[in-house]
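Subject: Structure handover

Hello,

Here is the structure for your files. My notes follow below it.

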Amino acid sequence: MAAEDLPSEFDVVILGTGLAESVAAAAFSRVGQRVLHVDRRSYYAANWASFTFNGLLNWIQQYHVNELQDWSSLLEDGEEVIYLSNPDTASIKNLQVFCFTSEEDEKEEEASSSTPTNAAEDHNINADEEAVKESSETESAGNTVTNLLVAIDCIISEHSILYNPCNSPENVPDTARVSKTGSYFYLRLMYSRGSLVDLLIKSNVSRYAEFKNVTRILTYRQGKVEQVPCSRADVFASRQLSVVEKRKLMRFLTSCMEETEEQMAYHGRPYSEFLRDQQLGDNLEHFILHSIAMVTEHTLTEEGLASTRNFLQCLGRYGNTPFLFPVYGLGEIPQCFCRMCAVFGGIYCLRHSVSCLLVDKDTNRCKAVIDSRGQRISCSHFVVEEGYVGPERKRVATPPRFISRAVLITDSSVLSSNSDQQVSLVTIPPIAAGCAAVRMVELSSSTMTCMPGTYLVHLTCQSSGSAYEDLSPLVSRIFCTPDSPDQGNTQNCPSVLWCLYFNITDGSGLETEGHDLPSNVYMCSGPDGGLSHENAIKQAEAIFSKILPDEDFCPPAPNPEDIIYDGDATASAEGEDKEGEDKEGEKENQDKLEEAVLTEETVQTATATSTLPSG
């Protein structure tokens, strides 16, 4: 919608299109609230977004920091102004890009498959040449743009980028191999049970998205990648476990479903100690601790058991693992809720922002907002992404936490199988003292995230330093890179074609209340490092309950045939009156017909009686 067409009054104005903000927008619009949803970015999902390579390049070219403008002339008596910040300045830091493929490799690959056998193949080759040509034209726009292949689910601050020496002007990363198809980089899974899945089903928003089941769970142990038997079928089909171990594992998993006195006796003690006392053996302890519960050795028993139960409860709902992956990435989910909001009358403006809030001094409530074009828009409530709120107005209980992330494009899977369409979750215990556990997701081309013959890999852990310092030692062990310690032992490992390291703020560490903000302004945090999305959904539901405590949160959408549009209301009422008159007429005709039938039957009965033979 054009900015100049915006109405001047809304019930709720929402700034930012992250998951929590989008869910809240859908909930408000669904119950009839007038919603304006804006974002200064040119895409949906904010820090949850998924990007293609071309999308990243376009974002870099369009990136700019809005200058602070003075809107004090729009103030009315008794009002004060609160200026909002640029959300892109602190979302990410320590970004480093590496490319390990060369133009010579690309030419050799093209030469090996350059002989067309028919017209269709000739057409495909021409299309590939056009793609390479287009990529080359993009690269020629400037080496700086090519070097800034930045990433994933976050907005990048141009002042935080670190350049790698291999990306010098004479060694520009070759992106043709990875840009021929869309490469979507926000890799995050969903448990098949939880508040997000329940909400997708309840609100019927799930019809706007597609999902794939994670096909296998792997773990990294003793320098090798192994498959974890987690379902009953996997356990009995596993060749890694003995018959005794299989029975022990099934017995333990069954006992975990209900809390027992023995389990309660270990409350407050490490989960690893509880597992050792079950005499499961090293193999099973490793699988349960790191790949099923997905906790550390220091996690308390009650937390470890809760995580194990959650895993088991999600197991088998949609496949042989507990996890789902949204096709094209989790960035699609906020867009689905935005679509629901728009269906029920919400107004959307991308590349449009709110510059400041106008606050009543007496009531400490936000009366209106000033958008990026200087229009005053009145609102009853304002919901904002936390990045727009300046640090001086935030209550910071603890220092901000960060997550280390790495994105790799590889030429093969970490564990070969009969299928090249696997979607894998890999759990990696700390490889050394002081290191964090790492969670890795590997996607094949079946997820529409990478081109055939390549895999998209995403590694995540809690930050202790820069993302490169936290994750590159592990990458060089599992994958073949120039930094791998023993090149001879990595010949059978997947080769890294391109990789990216960066740190992003951990959204779970943000306090959503107690900030120096007006009473009708509500703040939402960004993504965290966990697999659950409870935090974002709880934030949206809490904001909705504060504003509309008596309304149902995201009720099911009505059937399309039950929807009556405003223009059809009069015609529908007239149709109902006419239908009522028709029904009364039909009833009179039916009564007359019944009387006629009764009269005819009486006559026929009398006639028949008179004609019966006597005696």
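Which residue stands opposite W498 in β19? C99 does. This is a predicted model, where local features need pLDDT of at least 70, side-chain atom pairs count only at pLDDT 80 or more, and totals for chains, interfaces and linings use all residues. Residues are numbered from 1 along each chain as its sequence is written, and side-chain values use heavy atoms, with hydrogens and water left out.

Strands

Helices (H or I, at least four residues) and strands (E, at least two) are DSSP runs, numbered from the N terminus. Strands pair if DSSP finds at least two bridges between them. Strand β19 spans residues 496–505, and nine of its 10 residues are buried (under 20% relative accessible area, 1.4 Å probe, protein chains only). Strand β4 (residues 92–99) runs antiparallel to β19 and is joined to it by six bridges. With strand β15 (residues 402–410), β19 has nine bridges, again antiparallel. In that pairing V407 stands opposite L500.

Helices

The axes of α9 (residues 243–256) and α12 (residues 282–292) come within 10 Å and cross at roughly 40°. Axes are lines fitted to C-alpha atoms over the stretch in contact, with angles from 0 to 180 degrees between N-to-C directions. The contact (heavy atoms within 4.5 Å) involves E245, K248, L249, F252 and L253 of α9, and N283, L284, I288 and I292 of α12.

Regards

How values were computed
Buried < 20%, exposed > 50% of the residue type's maximum accessible area, 1.4 Å probe, protein only.
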